[in-house]
Amino acid sequence: MSGSGEFTFDAVAVPFVPGDHLLTALLRAGLHPTGGGTLCVEGHSPHCVAEVDGVAYVHTCQTLAREGMLVRAQAIGDAPMLPSTDPLAQPVAVRNAHHDVVVIGGGEAGRGAAASIGAPIVDAGDGGEVVGIFPGPMVAVRADAGMVHTHVERVVVATGVLPLLPVCPGNDLAGLYTPKLAERLQAAGVDLGRTVTITEPPQRFEGADRVQAVVVGDERFECDAVIVDIGTTPNDILARMGAGLAVDAVGGASEITAPPPCPTEGTVCPCNETTMAELAECWDRGFTSMELLKRASLAGTGVCQGAVCSPYLQSFIADRTGSLEARFTARPVARQATLSELAAGRHHPAIARTTLHAVHEAAGATMDRFGGWWRPWVYSDVDAECAAVRSAVSIGDVGTLGKFIVSGPDAEAALQRLVPTDVSTIGPGRSRYVLMLDERGYVLDDGMIMREGEGERFFVTVTSGGASVAEMWVRDWTADLDVRWMNVTMSVGAINVTGPRASELLARVGFDQPLAMLRHVEADIADVPCRVVRLSFTGEVSFELHHPCARSAELWRSLLDAGADLGVVPHGLDALSRLRLEKGHIIVGQDSDYDSTPRRLGHDWMVDLDSGDFIGRHAIERTGRLPLDKQLVGLEGDGPPPFEGAVVWSMDGTYAGYVTSAAWSVTLGRSVMLAWVRTVDGMLPDEVRVEGMVARRAELPFYDPEGVRARG
Amino acid sequence: MNEHPEAEITLRWNEPEASYDVVIVGGGGHGLSTAYHLATRHDITRVLVLDAGYIGGGNSGRNTTVIRANYGIPEAVRFYQHSLERYRRLEEETGRSMMHDRKGLLWMAHSEAGVRRERARAAVNQAFGAETVYLEPDEIATTCPEIDLACGGGFPAVMGASFHQGATARHDRVVWALAEGAMRCGVHVAPHTAVTGLIHEHGRIVGVETPAGRVAAGTVVSAVGGNATLLADMAGVRLPIKTHPLQAFVTNRYQRRFDPIVASGDLGFYVSQTARGQMLLGAEIDRQPSYSRGSTYELLASLSHRAITVLPFMRNLRVLRQWTGSCDMSPDYSPIMGDTGVDGFLVTTGWGTWGFKAIPAGGECMAEHIATGVAPELMAPFSLDRFERDRTLADRGSSGTH
Amino acid sequence: MAEFVVAGELVAAVRVVAVPEALDAATWPADATEMRLAPDEVLLLDVLDATAPEPHAIVFPDTGWVRFTLSPDVGAQLFEGAATWPPPSLGFGQGAIAGIPAKVFVEADCWSVVVPAGLASDFEDRLGGVLT
């Protein structure tokens with residue numbers, strides 16, 4: 001509990017005593033937070049909001065006074081300024097709690113419900129404010145000490161009733177209080193002067209700034225303060241917010257009560273200062289339902305979200321239609337919280353690191369996010385990295401590949417279903433580059449299938465970042481088969497050893513057996529157990545070394561040490577991307593688009609229509625009979641490479657497509673590109689223009705078309 | 001303080017009559033824009049617009065009101081650029097303020113992959129009249145000094161693309177002004193009237209069934225959001241649409257100051273300040289298809305987190321209200337407009353996260369198509385049969401967040 | 001309070017995927033900590049190998065996990081601050097902790113939290129944020 005002290009309200013020092021809410025102290029000092037309007041203690045009336053320590057729209061009736069608080073008045077209708085500087089990032093604590101049932105509301109109904117079912121109470125009036133009930137169900141509470149997230153099976157809403165605030169001329173004067181507030185003020189020793197309690201809706205309040213008299217019926221009462229005791233309305237925002245969730249309302253919050261008499265004059269929505277006359281005008285202009293009336297008049301769209309005005313909107317409509325329309329939809333939030341409070345405990349999606357991350361950083365690599373992984377983009381000189389691959393040997397971290405072990409009597413059948421190739425012809429110790437299609441025949445991913453041993457066991461790799469989607473996809477499509485999938489993406493490290501001297505390097509670290517293209521074998525390399533896969537993405541002799549990821553750094557170091565005199569250096573993603581581009585290899589997601597069939601990608605050679613009923617087969621067969629509208633093609637030009645994404649123009653100046661990959665090929669002495677190019681009358685153009693440069697359509701691959709180098 | 005110009009708009013409702021030339025199912029922006037253009041451009045006024053709820057209560061009232069044209073293929077850039085230009089004239093044409101506010105759109109990238117995406121988009125925008133400028137980080141700071149260029153240290157901005165013509169408008173006003181304009185010409189609008197069936201005759205659709213009775217129609221147009229596939233199913237048309245939820249929230253009101261619209265593709269976040277002064281935040285669609293309009297804490301928390309990462313000045317702003325809309329997503333991320341292969345039944349759907357900005361052009365095109373029987377050039381590429389003909393329009397410019 | 005620092009350690013483990021019935025019936029080395037990740041998948045900590053419970057089972061010596069060993073107090077504090085799911089009173093549970101997929105094994109005097117090695121560094125940073 002806070003002690004005595006002072007806070008400032010605008011420039012005024014306001015003293016407070018222990019237990020004072022800001023509102024109590026302000027009223028004791030003869031101040032009103034917003035100048036006027038009926039005040040309550042429920043955190044609903046917008047008349048008590050103020051900016052507190054840099055946070056606007058804070059209910060002073062809910063906020064305990066503390067020494068040195070900076071409170072600024074916020075006049076109703078005058079929106080505050082946006083902060084001109086960044087507030088300090090103050091960490092907000094989050095506490096997660098778990099219960100079977102919680103009761104919201106510490107009133108009579110709440111205490112009763114809690115006692116009968118033995119559930120704890122979340123009391124909105126006890127320093128915590130219930131922000132909302134969310135799917136889970138989860139009850140989010142904002143408190144000065146931080147956020148409390150209570151995860152439950154069921155919620156009982158026992159928030160009782162709210163006092164009706166009066167709607168009549170003069171209802172924006174100071175000196176109007178609900179009975180509960182008056183009680184609190186009197187208990188706190190605040191002198192309210194001459195008070196009058198009214199128990200039926202008044203005709204009007206009179207006064208200049210403060211109330212001086214109230215007229216009820218034919219009677220006029222002079223006073224300094226009016227205690228407005230004119231009835232209640234269900235406090236059901238949380239109950240309505242919980243519709244469709246395991247949420248029950250009890251007590252006053254659950255009752256359907258007749259709305260109050262429809263007022264004829266005065267401000268009905270204090271948050272937006274909508275008057276009864278404006279409601280009537282909107283109605284007369286055709287806004288004749290609760291939601292339209294709200295949206296047109298703005299009544300109910302302010303800080304109290306209709307808690308004050310919705311009973312009156314109901315009576316307004318009932319007066320005109322004779323039927324009681326439901327209140328408008330209740331959505332979060334019920335009580336407000338700041339973005340900092342709501343963001344408490346949150347993190348951006350974690351970006352995975354291979355076990356070589358520290359090694360890359362130590363080597364000075366620029367790291368970047370790709371497909372959910374941190375990857376080395378470049379170490380220091382991309383040209384030197386490319387040159388090492390083309391003329392000596394280089395190593396690259398490909399541990400980010402999605403990787404699966406597949407086993408079971410139906411393993412082959414499962415893969416047969418997933419890829420448009422004849423898996424039965426992938427023999428033991430062999431591997432094949434494959435596409436994965438969706439039902440529309442569009443390319444989802446690409447990868448390698450390797451058959452292990454003689455049995456029904458395979459190792460499958462997919463694109464980096466594709467693993468989590470691929471896992472859901474393959475499990476969904478093969479759930480009826482006798483097959484086991486193990487996702488080993490994060491467990492298996494992979495290093496690509498590539499370049500004309502790759503075999504020589506591997507021989508130095510213990511691997512000297514001949515291994516033909518697209519074959520794989522188990523072997524110890526530098527004492528690390530590896531699966532050695534002979535393939536090529538760069539266009540040079542390449543070996544992928546799959547190994548336990550805990551030993552990546554050791555293997556990496558051994559390769560660098562053993563190949564120092566061969567000129568071995570690591571290459572990053574930028575170099576890899578350029579090298580594979582020279583070979584015309586696509587990167588799914590970069591070169592492919594949402595509607596890329598294998599034919600559009602120029603990869604229809606990867607589709608074997610004799611290989612059974614693979615996913616996408618029917619679409620491929622159907623669209624394969626139609627003329628082609630666009631294709632991913634190779635382009636080359638003599639000028640500098642365009643940026644990736646540059647528009648491709650046909651020679652007559654019409655749009656032809658866009659570049660997906662581009663680089664200057666040091667090896668070839670020209671720019672090489674992959675680009676989407678549209679057909680004209682079924683034909684692809686031979687020449688196009690990119691960034692002002694004439695680019696010629698080129699057969700792929702650009703580099704070593706015979707594949708002599710990769711075969712070694 | 002209250003502006004209440006809504007009070008200038010007058011809406012008049014009708015009970016459905018027995019027969020119309022055109023019945024439009026869905027009283028949102030697209031349905032009402034189609035009716036408006038039928039009446040004002042083609043003198044077709046025997047038109048009924050039906051809605052299961054109140055008008056503008058679906059995605060038209062749940063979107064985040066961004067008007068932009070920076071999409072990823074020429075067909076889309078042309079279409080949205082036309083729509084954007086129509087929006088600029090719509091206030092004058094209808095005589096109603098829509099709080100149209102051109103404030104510019106700043107799109108940031110925080111990775112090489114993001115840069116590639118934004119540069120590609122900027123290039124095709126630039127080529128087709130949607131002026132887009134490439135910004136270096138220091139220029140981002142000039143354009144929007146509130147941005148933390150380091151994004152908390154974790155996501156330094158690498159580049160930005162500035163689309164100067166980016167704008168916002170108040171969604172309800174757009175819906176109401178089009179409704180009023182159509183009603184003035186004699187179009188009937190019947191809210192709270194659900195379509196429960198379609199009437200088939202000799203292989204064509206000749207009307208709709210409602211709880212209030214049958215309504216005959218020369219043409220039935222589905223301008224439904226969220227339930228588009230269910231209505232099309234009644235006509236025997238299978239739409240390649242999946243519906244995903246999209247959530248958003250607003251803060252309380254503040255003095256208007258914050259320009260432009262700021263978006264980050266890498267963080268999946270965008271924000272603008274509305275004409276009423278609220279900061280309006282949106283994210284990407286939920287991955288899981290669903291018709292749910294429930295609001296999750298997950299979204300509230302993670303979007304708040306992303307927002308204050310980019311714009312730390314928002315840390316102490318309080319959230320006012322959260323809501324959810326439904327996005328009808330096509331496989332190529334482009335809309336679907338026009339004939340369906342079933343006579344008498346047309347659709348305008350696949351509006352994903354880009355429906356609001358397409359309201360003027362979408363309605364204009366649909367109206368011309370209905371009136372002339374020929375799809376205008378601007379919308380012709382977006383026909384449903386493009387999937388059958390394998391003439392899909394993959395649009396990577398749609399894959400952003402709004 | 002001082003910032004709480006916990007370092008993760010690579011853990012010896014074997015992961016097994018097999019038909020659920022075979023995993024139900026299988027017996028593992030006595031010193032293994034058994035985490036049943038899914039009906040068809042089990043993660044065994046502190047062992048280097050395991051016998052295949054059926055002919056097509058995948059038995060995979062797995063070096064891709066990092067273990068954080070916490071006292072019960074700290075474990076409870078971690079859950080309270082960073083998990084939306086309740087910790088198991090004893091034994092195995094799994095879900096996101098501080099936004100990272102985690103496996104937890106609760107014993108009377110010690111809680112093991114295991115995360116993929118590729119996310120361990122992020123997890124360690126986030127632990128520091130929660131346990132202060």
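Predicted model: local features only at pLDDT ≥ 70, side-chain atom pairs only at ≥ 80, totals over all residues.
**Exercise 1. Chain C as a fold**

Among contacts in chain C between residues at least 6 apart in sequence, what percentage join residues at least 24 apart? Describe the build of chain C as well.

*Solution.* Residues are numbered from 1 along each chain as its sequence is written, and chains are lettered from A and ligands numbered from 1 in the order in which they are written.

Step 1: Two residues are in contact if their C-beta atoms, placed from the backbone, lie within 7 Å. For chain C the share asked for is 59%.

Step 2: Helices (H or I, at least four residues) and strands (E, at least two) are DSSP runs, numbered from the N terminus. Chain C has 3 helices and 9 strands, in the order β-β-α-β-β-β-β-α-β-β-β-α from the N terminus on.

Step 3: The radius of gyration, taken over C-alpha atoms, is compared with the globule rule, 2.2 Å times the number of residues to the power 0.38. Chain C has a radius of gyration of 15 Å, close to the 14 Å that the rule gives for 132 residues, so it is as compact as a globular protein of that length. Its C-alpha trace spans about 55 × 25 × 25 Å along the principal axes.

Step 4: A residue is buried if 20 or more other C-beta atoms lie within 10 Å of its own, exposed if 12 or fewer, and partly exposed in between, with C-beta atoms placed from the backbone. In chain C, 44% of the 132 residues count as buried.

**Exercise 2. Two sides of chain A**

How many residues of chain A contact chain B, and how many contact chain C? Sort each side by residue class.

*Solution.* Step 1: The contact with chain B takes 66 residues from chain A and 63 residues from chain B. α6(A) gives the largest share of that side of chain A, 4 residues.

Step 1: For the classes, Ala, Val, Leu, Ile, Met, Phe, Trp, Tyr, Cys and Pro count as nonpolar, Asp, Glu, Lys and Arg as charged, and the others, Gly among them, as polar. The side of chain A that touches chain B holds 35 nonpolar, 15 polar and 16 charged residues.

Step 2: Towards chain C, 26 residues of chain A meet 28 residues of chain C. β6(A) gives the most to this side of chain A, with 4 residues. The side divides into 12 nonpolar, 11 polar and 3 charged residues.

**Exercise 3. Backbone details**

Which peptide bonds of chain A are cis, and is Thr65(B) buried or exposed?

*Solution.* Step 1: The bond from Gly136(A) to Pro137(A) is cis, with omega near -10°. Pro137(A) sits in the loop between β9 (128–134) and β10 of chain A.

Step 1: Another cis bond joins Pro332(A) and Val333(A), with omega about 10°. Val333(A) lies in the loop between α7 (310–321) and α8 of chain A.

Step 2: Thr65(B) has a positive phi of about 60° although it is not a glycine, and is found in the loop between β2 (47–50) and β3 (66–67) of chain B. Thr65(B) counts as buried, with 27 C-beta neighbours inside 10 Å.

Step 3: Asp681(A) also has a positive phi, near 50°. Asp681(A) is exposed, with 5 other C-beta atoms within 10 Å.
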